[in-house]
Each structure stands twice: as C-alpha cells, then as structure tokens.
Amino acid sequence: MRKTLILAGDVAAKLHRIQKSRKASFKDVVNEVLREGLKHLSEPKLNRIPYRTESASLVRCLIEGIDDVSEAIAAAEGNASR
C-alpha cells in the first residue's frame, strides 16, 4: 500500500541513521519501526500499585549520643563486649 508520510526532521534523521547502519531500504526501516511502535502501543498497560514504605516506630534511642564509642558498642552488643 502506498501512503505519503510527512515526517518531522528529527524522526527522519533517526530513520536515516538506522537505515545506514543496517544497510536496509528506507521502506523496510520505517515498516520495522512502525511495527515495533504499534506492538508497544497495543500492549495492555499494567496497573501498578504505587510502592509504599511502611513506617516504623523507632521508640527511643538506646544511648544519649554517639560520642562514646564504647557505650554505643555496649548498647548494640550487650555488656559482654566490655
């Protein structure tokens, strides 16, 4: 089937680059690109549920500050580390 297409300049340039790299006819490149685009557009869109991060209660800090490294290690590992 013969049809006349008016292509945007950027689209035509990309098609010509593909044509040269594949050493194919312009008609074959246009048909391949259209097939891929139509396949992509006709696929059903997935209804994805947005990802949500559950909140967590951090209660209270076990140490007053991290200035004392030995206190932080003792809180993390228990008093056996001292």
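A: Val11 is found in helix H1. The model is predicted, so local features need pLDDT of at least 70 and side-chain atom pairs count only at pLDDT 80 or more, while totals for chains, interfaces and linings use all residues. Residues are numbered from 1 along each chain as its sequence is written, and side-chain values use heavy atoms, with hydrogens and water left out.

Helices here are DSSP runs of H or I with at least four residues, strands are runs of E with at least two, and both are numbered from the N terminus. The protein has three helices and zero strands, in the order α-α-α along the sequence. The expected span of a helix is 1.5 Å times one less than its number of residues. For the 14 residues of H1 that gives 20 Å, and the C-alpha atoms at its ends are 20 Å apart, which agrees.

With a relative accessibility of 37%, Val11 is partly exposed; this class lies between buried (under 20% relative accessible area) and exposed (over 50%), using a 1.4 Å probe and protein chains only. Val11 belongs to a nonpolar surface patch together with Leu5, Leu7, Leu34 and Leu38, and the accessible area of the group is about 440 Å². A patch takes residues with over 30% relative accessible area and no salt bridge; like charges are joined within 9 Å, and nonpolar side chains (Val, Leu, Ile, Met, Phe, Trp, Tyr) within 5 Å. Areas come from the Shrake-Rupley method with a 1.4 Å probe, and for residues only the protein chains shown count as cover.

At residue 22, H1 also has a link to H2. The side chains of Arg22 and Glu32 form a salt bridge, with N to O at 2.7 Å; the term means a side-chain nitrogen of Lys or Arg within 4 Å of a carboxyl oxygen of Asp or Glu. Arg22 lies in H1 (residues 9–22) and Glu32 in H2 (residues 26–42), so the pair ties together parts ten residues apart in sequence. Arg22 is partly exposed at 48%, and Glu32 is partly exposed at 35%.

The whole structure contains two salt bridges. Lys39 is partly exposed at 46%, as is Glu36 at 43%.

After H1 comes Lys23, with a positive phi near 55°. Lys23 sits in the loop between H1 and H2 and is exposed, at 78% relative accessible area. Most residues other than glycine have a negative phi; Lys23 is not a glycine, yet its phi is positive.

As for confidence, pLDDT is the predictor's score for each residue, from 0 to 100. The protein averages 85, and 89% of the residues score at least 70. Among the elements, H1 has the highest mean pLDDT (95) and H3 (residues 69–77) the lowest (78). Where pLDDT is low, predicted coordinates should not be read in detail.
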